[in-house]
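Hi,

Here is the structure I promised to pass on.

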Amino acid sequence: NPRPLPFAEARAFREGNAIRLFFELRAGGYNGSTYTLAYDPKKDILYGIYYQANARKRYDIYFERAE
């Protein structure tokens with residue numbers, strides 16, 4: 001997205017050695033949609049689940065750094 005997303009909640013926390021992230025969106029068609037992510041330091045990616053609230057569907061996702 002070229003513009004910032006409107007997050008209603010954003011949390012980062014540790015679970016053992018893992019870094020976990022949670023984001024909830026509140027705008028337009030995104031209301032209640034969430035990202036639940038973990039960081040994989042070996043692959044240098046964030047991976048997890050995107051829950052699209054309006055469709056009530058879950059998607060496996062990942063984010064990698066652009067070079």
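A term to start with: strands here are DSSP runs of E with at least two residues, numbered from the N terminus. T34 sits in strand β3.

Some housekeeping: this is a predicted model, where local features need pLDDT of at least 70, side-chain atom pairs count only at pLDDT 80 or more, and totals for chains, interfaces and linings use all residues. Residues are numbered from 1 along each chain as its sequence is written, and side-chain values use heavy atoms, with hydrogens and water left out.

The strands β1-β2-β3-β4-β5 make, in that order, an open sheet with antiparallel pairing (two strands pair if DSSP finds at least two bridges between them). Because β1 (7–15) and β5 (57–64) each have a single partner strand, they stand at the edges. Strands β2 (residues 18–25) and β3 (residues 34–40) share 5 bridges, and L21 stands opposite L37 in β3.

Back to T34: its relative accessibility of 12% makes it buried (under 20% relative accessible area; exposed is over 50%, partly exposed in between, with a 1.4 Å probe and protein chains only).

The whole structure holds 4 aromatic pairs (Phe, Tyr or the six-membered ring of Trp, centres within 6.5 Å; planes under 30 degrees apart are stacked, over 60 edge-to-face, the rest tilted). Y35 and Y50 form a tilted pair, 4.8 Å centre to centre with 35° between the planes. Y35 belongs to strand β3 and Y50 to strand β4 (residues 45–52), 15 residues apart. Ring pairs join Y35, Y50, Y59 and F63 into a cluster.

Best wishes

Note on methods: Helices (H or I, at least four residues) and strands (E, at least two) are DSSP runs, numbered from the N terminus.
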